[in-house]
Amino acid sequence: AYERRFPTCPLIPMFVASDTVSEYKSEDEAIHVIERRCKLDIDAPRLLKKIAGVDYVYFVQKNSLNRRERTLHIEAYNETFSNRVIINEHCSYTVHPDNEDWTCFEQSASLDIKSFFGFESTVEKIAMKQYTSNIKKGKEIIEYYLKQLEEEGITFVPRWTPPVTCKSESSTSHTRRPVSPAINIPESATKEGLNNKEILNTSSSPLEPTAGTPDDKLDADYIKRYLGDLTPMQESCLIRLRQWLQETHKGKIPKDEHILRFLRARDFNIDKAREILCQSLTWRKQHQVDYILDTWNPPQVLQDYYAGGWHHHDKDGRPLYVLRLGQMDTKGLVRALGEEALLRYVLSINEEGLRRCEENTKVFGRPISSWTCLVDLEGLNMRHLWRPGVKALLRIIEVVEANYPETLGRLLILRAPRVFPVLWTLVSPFIDDNTRKKFLIYAGNDYQGPGGLLDYIDKEIIPDFLGGECMCEVPEGGLVPKSLYRTAEELENEDIKLWTETIYQSASVFKGAPHEVLIQIVDASSVITWDFDVCKGDIVFNIFHSKRAPQPPKKDSLGAHSITSPGGNNVQLIDKVWQLGRDYSMVESPLICKEGESVQGSHVTRWPGFYILQWKFHNMPACATTSLPRVDDVLASLQVSSHKCKVMYYTEVIGSEDFRGSMTSLESSHSGFSQLSAATTSSSQSHSSSMISR
């Protein structure tokens, strides 16, 4: 009955699908172990899913049926966000000790939230809600399938009996039954207090080399020269994982140094290291990452405006990478290139880092497996907290953390300004705990004092922009010209995509035909956020509220609703018969935005209902001294093209409980935005703020 809920179960709406990862049956058919990867659509706020960058959550479920002992054990753990949230669940069906006709059911679960983008309490509530509903429905679901079996005439399943030919071996079958290659080192061994060495010795996984083979030990000189100090247990793990790769993995086998990085990232737990290493090797093959340095040439925009580059080495011989993040226009780079090219460039930097580590290992005669990164934050301001830009940064960190573990030896963050804690709050949950321990942060000129740069970098190679004498050839960055920005359509038509998803939409605005976006608000005090660029012409931005939904535009209308645009979307929602003040109201003062401006802002809603964001053509005022139109106005009115504006926009609705904490942080740092802001409007009465950047 339990098996009938797979591959999906209509009684569990969030259970979307499942795939069998591995399956094992003993020769006598007493043991049946099946492991599945389950896809769940968790009932979570849309914002949380958007920030996390996932629509579905994946769990691994292992069902172990023992017909001999008449038990079914079910273990499940989360695969998604396993670095930040640890969920373990165990269920068991057993025979009642006093009455064989009764089935006992036990269920337990544990939840450990390390960090989750600042929404730890929200995730805890969601997890508890899902788990509670799961418990309530468990009995109902099993009874449903039992009834289904009964309707099919299946009311009795004979007990398992050992095959006659194997009778003499039945007493020792517990210790002698074959082990499937898919069965991992049992987690129960860890829970029972066995150390790593004991676990390795008791495991029968295919990683184990045959005793006495020449590969069961590495040469001591080789270890010292290329790998560094390894305990016998760590050496054994490396040999076994490498041998398993040679036997099972088709394609290029990574070098020992790289395999060792994955083992260290998982504290030499072979099963976990093997899992993430296999995923990484598949990813590298899928996206041809091994050839990226030889086949991919960075666009000129990156070469001119990406303020980062390699610069000698630190005192430990690690390659040194310098990043002048404060001088970099992250928004401009994302808008000009898209996330795809930016990610590929970061991957090429990491591949170059691996190559430099190998070269430095040869030069210095000792193993060097990581690099040092120096990040200068001088100039960091609110522009760097541009929401889609931060999202792109978080996605890049995710990819790098998954595929280049233990490559960052040390991170030196210099001249951290007041706005830095906001960025750190957004980014830090995505960074592994071991990696975070390698961060050293200096405010102001603290890096020049004791415990500063001189402890890690020789005086002769400190870059000139940090007060040193060494000329640094890293590009200075600066603002990316808006003429290099690409439209949403161009970014959508990338030939190859790793994970790019265009969040901007294009819209055309005509004289007499504004573009309008409808947002329905259910909960008062929600936050509407927006970010848009005026690509052509001048526009007026308005926000309206209505208690009733506007009617969708009619296709046969002869009015403004019928206007179509070959170069962008144009939708009008406010009916011509509607009257301002009666059918709808203005909740914000109009904001005039000039061509080339970028506008970011938010509005805290006071009432539920329907909110309309409107981009309207801005009519130039006529000459003040006369009521007659100017010659320029007359000429302009004769040109249809001058009656068209174009905007690229992005909107999002955030629950107030998810927004206030970060908004407080952002408001405390508004002064950092002033050097890029030509005008700032805020209305405490309507709880809104907009920032214009020219």
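Predicted model: local features only at pLDDT ≥ 70, side-chain atom pairs only at ≥ 80, totals over all residues.
Visitor: Which residues make the contact of H8 and H9?

Guide: H8 brings Ile259, Phe262 and Leu263, while H9 supplies Ala273, Ile276, Leu277 and Ser280.

Visitor: Let us turn to the rings. What makes Tyr306 and Tyr345 an aromatic pair, and of what kind?

Guide: Their centres lie 4.9 Å apart, which is within the 6.5 Å limit, so the two rings pair. Their planes stand at 85 degrees, and anything over 60 counts as edge-to-face, therefore this pair is edge-to-face. Tyr306 sits in the loop between helix H11 (300–305) and strand S7 (308–313), and Tyr345 belongs to helix H12 (residues 330–364), so the pair ties together parts that are 39 residues apart in sequence. Tyr306 and Tyr345 are both buried.

Visitor: Why is the pair of Trp530 and Phe541 called tilted?

Guide: The planes of Trp530 and Phe541 meet at 55 degrees. Stacked needs under 30 degrees and edge-to-face needs over 60, so 55 degrees leaves the pair tilted. Their centres are 5.2 Å apart, again within the 6.5 Å limit. Trp530 comes from strand S14 (residues 527–536) and Phe541 from strand S15 (residues 539–546), eleven residues apart. Both residues are buried.

Visitor: How many aromatic pairs are there?

Guide: The count is 17 aromatic pairs. Ring pairs also join Tyr2, Phe6, Phe15, Tyr93 and Phe105 into a cluster.

Visitor: How do you know that Lys39 lies over the face of Tyr56?

Guide: Lys39 is 4.2 Å from the ring centre of Tyr56, and the distance limit is 6 Å, with a further condition of 35 degrees from the ring normal.

Visitor: Is Arg70 buried, exposed or partly exposed, and why?

Guide: Its relative accessible area is 30%. Buried means under 20% and exposed means over 50%, so Arg70 is partly exposed.

Visitor: What makes Phe81 buried?

Guide: The relative accessible area of Phe81 is 14%, which is under 20%, so Phe81 is buried. Phe81 has a positive phi of about 55 degrees too, although it is not a glycine, and it lies in the loop between S4 and strand S5 (85–95).

Visitor: Where is the cis peptide bond that involves Pro7?

Guide: The cis bond joins Phe6 and Pro7, with omega about 5 degrees. Pro7 is placed in the segment before strand S1 (15–25).

Visitor: And how many helices and strands does the protein chain have?

Guide: There are 18 helices and 22 strands. Of the 694 residues in the protein chain, 46% are buried.

How values were computed. Residues numbered from 1 in each chain as written. Heavy atoms only, no water. Phe/Tyr/Trp six-rings, centres within 6.5 Å; stacked < 30°, edge-to-face > 60°. Helix = DSSP H or I, 4+ residues; strand = E, 2+ residues; numbered from the N terminus. Buried < 20%, exposed > 50% of the residue type's maximum accessible area, 1.4 Å probe, protein only. Contact = heavy atoms within 4.5 Å.
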